[in-house]
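Here is a short report on how one protein chain is put together. Please keep the sequence and the 3D view open while reading.

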Amino acid sequence: MQALVSALADTLKKASMFDRVLDNLDGCKGRLPDVADATGISYRSLQKISLRVVKNPGVRTVEVLDAYFDHLDKQREFQR
């Protein structure tokens, strides 16, 4: 039972991470080339993810994008 609860928690965490990534990609449509340069993820891949053509990108891709957007948020907070 504990393993099932743990697996469910991991699934929800990944889903919410992907949702955050999609929200951030929606907010930076004109800056996808900058995101591609900073993350090493191709512009075309970012485009497909942001347009929801790719429904299930790799976990590593989502983690890299989440870390990138988290870093940007922290930079913005620091500059205030």
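## Overall fold

This is a predicted model. The protein has four helices and zero strands. Along the sequence the pattern reads α-α-α-α. Helix α1 covers residues 2–27 and helix α4 covers residues 59–79. Between them in numbering come α2, residues 32–39, and α3, residues 43–50.

The protein has 80 residues, and 26% of them are buried. Take the contacts with a separation of 6 or more: 60% of these link residues 24 or more positions apart.

| Pair | Axes come within | Crossing angle |
|---|---|---|
| α2 and α3 | 9 Å | roughly 120° |
| α2 and α4 | 11 Å | roughly 110° |

Start with α2 and α3. Their axes cross at roughly 120°, and angles from 65 to 115 degrees count as roughly perpendicular. The α2 and α3 helices are therefore oblique to each other. Their crossing is right-handed. On the α2 side, L32, P33, V35 and A36 make the contact; on the α3 side, the partners are Y43, L46, Q47 and S50. By class, this contact of α2 with α3 holds six nonpolar residues, two polar ones and no charged ones.

Now take α2 and α4. Their axes cross at roughly 110°. These two helices are therefore roughly perpendicular to each other. From α2, the contact uses D34, V35, A38 and T39; from α4, it uses V64, L65, Y68 and F69. The residues of the contact of α2 with α4 divide into six nonpolar, one polar and one charged.

V35 is listed in the contact with α3, and V35 is also listed in the contact with α4.

## The nonpolar core

Which residues have the most contacts inside the largest nonpolar core? They are L25, V35, L46, I49, L65 and F69, in a core of 17 residues. Each of the helices α1, α2, α3 and α4 supplies at least two residues of this core.

I49 is worth a look in the viewer. Leaving aside neighbours within four places in sequence, I49 is in contact with F18, L22, L25, V54, P57, T61 and L65. Two of these partners, L25 and L65, are on the list of residues with the most contacts in the core.

P57 sits in the loop between α3 and α4. Is P57 buried or exposed? P57 counts as buried because its relative accessibility is 11%, and the cut-off for buried is under 20%. Beyond four places in sequence, P57 touches F18, I49 and V62. P57 and F18 are 39 residues apart in sequence, yet their C-alpha atoms are 8.9 Å apart in space.

D66 lies in helix α4. D66 is buried too, with a relative accessible area of 14%. Not counting residues up to four places away in sequence, D66 touches M17, R20 and V21.

R52 is found in the loop between α3 and α4. At 31% relative accessibility, R52 counts as partly exposed. Most residues other than glycine have a negative phi. R52 is not a glycine, but has a positive phi of about 65°.

Notes:
Residues are numbered from 1 along each chain as its sequence is written. This is a predicted model: local features need pLDDT of at least 70, side-chain atom pairs count only at pLDDT 80 or more; totals for chains, interfaces and linings use all residues. Side-chain values use heavy atoms; hydrogens and water are left out. Axes are lines fitted to C-alpha atoms, for helices over the stretch in contact, and angles run from 0 to 180 degrees between N-to-C directions. Angles under 35 degrees count as roughly parallel, over 145 as roughly antiparallel, 65 to 115 as roughly perpendicular and the rest as oblique. A crossing is left-handed if the near helix is turned anticlockwise from the far one by less than a right angle, and right-handed if clockwise. Contact means heavy atoms within 4.5 Å. Ala, Val, Leu, Ile, Met, Phe, Trp, Tyr, Cys and Pro count as nonpolar, Asp, Glu, Lys and Arg as charged, and the others, Gly among them, as polar. A nonpolar core is a set of buried Ala, Val, Leu, Ile, Met, Phe, Trp, Tyr and Cys residues joined through side-chain atoms within 4.5 Å. Buried means under 20% relative accessible area, exposed over 50%, partly exposed in between (1.4 Å probe, protein chains only).
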